[in-house]
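Hi everyone, thanks for coming. Let me put the structure up, and then we'll walk through a few of its side chains together.

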Amino acid sequence: MISKLLFKSRGSSIEDPLFLYHLKFEYSSFKKNEVSSQRKKNQKMIKFVRHIKVGDQEFETWFGMEIKKKGNRPNIDIFYYTDDPSEELSMHQLIKSNFQSKKDALQFGIKFMRSMYQDMIQREKEVTKKEKKAEQSDSTEKVSE
């Protein structure tokens, strides 16, 4: 489309060989993009749930794996889901890509999520400590008044 507009503005006609070459090139690149996007749609995400224990708490975590083959080597990406994948608002987030085995990808995903949950628990403890200190300072101010 762009070539057609450019050539028409320069005074070239549709029969111009250069115009036909550019049109053919644009069409072939469009077809390549269309085929690659269809391949991406056809790739299935393997979805599974794991229960990750942190301290005395247990978290149900949904993971996803996408396996792509480049030559003879698999290329595996690991994702985590924000909720059950069957839920409408659930989204997947990439943890890391380019693993060579499912086992390595899964182990990394579990370690990543465990550390994320530990950080979350630690932050929650710090926030509650700050809130308690703020409440105590408020109550001492009221008593002194």
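Let's start with phenylalanine 99, which counts as buried because its relative accessibility is 10% (buried means under 20% relative accessible area, exposed over 50%, partly exposed in between, with a 1.4 Å probe and protein chains only). A quick word on the source: this is a predicted model, where local features need pLDDT of at least 70, side-chain atom pairs count only at pLDDT 80 or more, and totals for chains, interfaces and linings use all residues. Residues are numbered from 1 along each chain as its sequence is written, and side-chain values use heavy atoms, leaving out hydrogens and water.

Now, how many aromatic pairs does the structure hold? There are three, where a pair means rings of Phe, Tyr and Trp (its six-membered ring) with centres within 6.5 Å; planes under 30 degrees apart are stacked, over 60 edge-to-face, and the rest tilted. One of them joins phenylalanine 59 and tyrosine 117, stacked at 4.1 Å centre to centre with 10 degrees between the planes. That pair links distant parts of the chain, with phenylalanine 59 in strand β2 and tyrosine 117 in helix α3, 58 residues apart (helices, H or I, at least four residues, and strands, E, at least two, are DSSP runs numbered from the N terminus). Both phenylalanine 59 and tyrosine 117 are buried.

Back to phenylalanine 99: its ring pairs with that of phenylalanine 108, tilted, at 5.6 Å centre to centre and 50 degrees between the planes. Phenylalanine 108 lies in helix α3, residues 102-144, and is partly exposed, with a relative accessible area of 31%.
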